[in-house]
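Here are my notes on this one, for you to read with the viewer open.

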Amino acid sequence: MTQVTDVTRSIDARGMPCPGPLMSLIGAIREGSVGDVIEVLSTDAGSFTDIPAWVAKASHEIVAVTEMDDATAFVVRKMR
Amino acid sequence: MDTNETLSLVLCSGTDDRLTGAAVLVVGAAAMERPVEVLLQFWALDAFRADRITKDHGVSPEAGTEGKARWDRHTGTHWSEMLRQARGIGNVSIHACSLSMDVLGIDQDDLDPLVDDVRGVAAFLASADGGITFV
């Protein structure tokens, strides 16, 4: 959905209320390997604050936040 | 703010709206790597009975008719599932209040496995090192 070409896994969390998209991201990060790039598509306004706060706390990396017509794509790299 | 202080919650209300609000706090704290200690009292404890944890527990009186209707249309993750998710990602302990067990005539076997054990208030306070939030 985004122009980032190295996405390992994309999660469609559109329509999920808070904190669903964040929980989906956490699950995917835990299942993945270091270096994986996870994309979460969210329509939850809470994701704008929650996902960056969790990524910083958990010491991962925000690669991109892209607002699209019907959702926002949060692209996160697993760092540890 | 960057803190690893324990989030200590005492849940007393047993309505689905308050339990959902509490579960959001618990799952958020677990995600942010804060330990969580929960004590279940009275009507919250009653809602954790294994045979009715996912049944309809109603909403708070202040919801009114319109609030209740909105709540019933809402399709989020059930609070018990959120708590299971929180336990899966973090350090979350859920205790049953000993007095409440007596008053309601509940045995630990009656409770959902989400509940770790039965505690007196002194033991709970010993593990709750921050302030307590009462729901």
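1. Ground rules. This is a predicted model, where local features need pLDDT of at least 70 and side-chain atom pairs count only at pLDDT 80 or more, while totals for chains, interfaces and linings use all residues. Residues are numbered from 1 along each chain as its sequence is written, with chains lettered from A and ligands numbered from 1 in the order in which they are written.

2. The sheet. Chain A has four strands in an open sheet, ordered β1-β2-β4-β3, with mixed pairing. Its edges are β1 (9-13) and β3 (61-67) of chain A, each pairing on one side only. Neighbouring strands are turned by 15 degrees against each other on average, direction ignored. Strands here are DSSP E runs of at least two residues, helices are H or I runs of at least four, and both are numbered from the N terminus; two strands pair if DSSP finds at least two bridges between them.

3. One pairing in detail. β2 (residues 37-42) and β4 (residues 72-77) of chain A run antiparallel to each other, paired over six bridges. If you want a spot to check, Ser42(A) stands opposite Thr72(A) in β4(A).

4. A helix on the sheet. Helix α2 (residues 47-57) of chain A packs on the sheet and touches β2, β3 and β4 of chain A. Its direction makes about 0 degrees with that of β4(A). Contact means C-beta atoms, placed from the backbone, within 7 Å; axes are lines fitted to C-alpha atoms, for helices over the stretch in contact, and angles run from 0 to 180 degrees between N-to-C directions.

5. Helix against helix. How do α1(A) and α2(A) pack? The angle is about 25 degrees and the axes are 9 Å apart, so α1(A) and α2(A) are roughly parallel to each other (angles under 35 degrees count as roughly parallel, over 145 as roughly antiparallel, 65 to 115 as roughly perpendicular and the rest as oblique). On the α1(A) side the meeting residues are Pro21(A), Leu22(A), Leu25(A) and Ile26(A), and on the α2(A) side Ser47(A), Asp50(A), Ile51(A) and Trp54(A).

6. The interface. Eight residues of chain A are in contact with ten residues of chain B. On chain A's side, α1 and α2 each supply at least two residues, and α1(A) gives the largest share, with four.

7. A helix in chain B. Twelve of the 16 are buried, so α1(B) is largely enclosed by the rest of the structure. Buried means 20 or more other C-beta atoms within 10 Å of a residue's own, exposed 12 or fewer, and partly exposed in between, with C-beta atoms placed from the backbone. Among the buried ones are Leu19(B), Val26(B) and Val27(B).

8. Most residues other than glycine have a negative phi, and most peptide bonds are trans. The Cys18(A) to Pro19(A) bond is cis, with omega near 5 degrees; Pro19(A) is in the loop between β1 and α1 (20-31) of chain A. Ser59(A) has a positive phi of about 60 degrees, in the loop between α2 and β3 of chain A, and is exposed, with 9 other C-beta atoms within 10 Å. Phe42(B) has a positive phi of about 45 degrees and is in helix α2 (residues 42-47) of chain B.

Conventions:
Contact = placed C-beta atoms within 7 Å.
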